[in-house]
Amino acid sequence: ATLSDGSFKSVEVNWHESSVDTNNLGDIVIPGESVLDSTQHVTLIVTVEPVKVKGVSLNKSATSIVRNSTETLIATVTPAFANNKNVTWTTSDNTIASVSDTGIVAGIKAGTATITVTTVEGGFTASCDVTVTAALEIEKITGNGNRSFTLTFNKPIQSATIKNTNGSNVTNVTISGINSNEVTFNRSSNFANNTDMRVDVTSSDLDSLYVTVRRTGGNWSYR
């Protein structure tokens, strides 16, 4: 060490700081003095340089969401201790899927779009292909007399149940047409007249919907 009297010696030094905060970039001056002679001072200059970004990745390379729903993509900047982890988000088609500045993707309409995250430092990118599917919707109801009706949906149905609106089961009902767009409900006796029933369905892409159906005489309606 070079001491304050100008001499250069191999000495043991008492440093005033035992560690360096690497979050503070630039030169950090650490004073100290000789253990043998406290009047002899020494200065250590530590230069802290920024850790540069080397890449970015996303938690998914492809995903599927239903229209009007959202999903959050997670960006990971490497290395983990890089100083500037700021990123920007863009979409290839904001009429299909939009993305917020925090990576929240929203499905706008059916189709595909690519969401890209870019590091502010270095311009590294990662992308996720997003497929937006149509929300599950009912298209029509068709009555087949007083003991049967068919609901037509805009995509295949994986499961369906029917209950009274008070939560009790509608008895003696068989359901057919699962895995197709048309689901038929048959009962061994007449469905109750002028009584609402609740039908819950789940589509093959796990979208869900409930419909209230009613028989009024020989006519069937839903809402």
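1. Asn 179 is exposed, with a relative accessible area of 62%. Exposed means over 50%, buried under 20%, and partly exposed in between (1.4 Å probe, protein chains only). The model is predicted: local features need pLDDT of at least 70, side-chain atom pairs count only at pLDDT 80 or more, and totals for chains, interfaces and linings use all residues. Numbering runs from 1 along each chain as its sequence is written, and side-chain values use heavy atoms, without hydrogens or water.

2. Asn 179 sits in the loop joining strand 16 (173-176) to strand 17 (182-187). Beyond neighbours within four places in sequence, Asn 179 touches Pro 156, Ile 157 and Gln 158. Contact here is heavy atoms within 4.5 Å. Gly 167 is 12 residues away along the chain, and its C-alpha lies 25 Å from that of Asn 179.

3. The protein chain has 20 strands and zero helices. These are DSSP runs, numbered from the N terminus: helices are H or I of at least four residues, strands E of at least two. The radius of gyration is 34 Å, well over the 17 Å that the globule rule gives for 223 residues, so the chain is more spread out than a compact globule. That radius is taken over C-alpha atoms, and the rule is 2.2 Å times the number of residues to the power 0.38. Along its principal axes the C-alpha trace spans about 110 × 35 × 20 Å.

4. Buried residues make up 32% of the 223 in the protein chain. Of the contacts with a separation of 6 or more, 49% join residues 24 or more positions apart.
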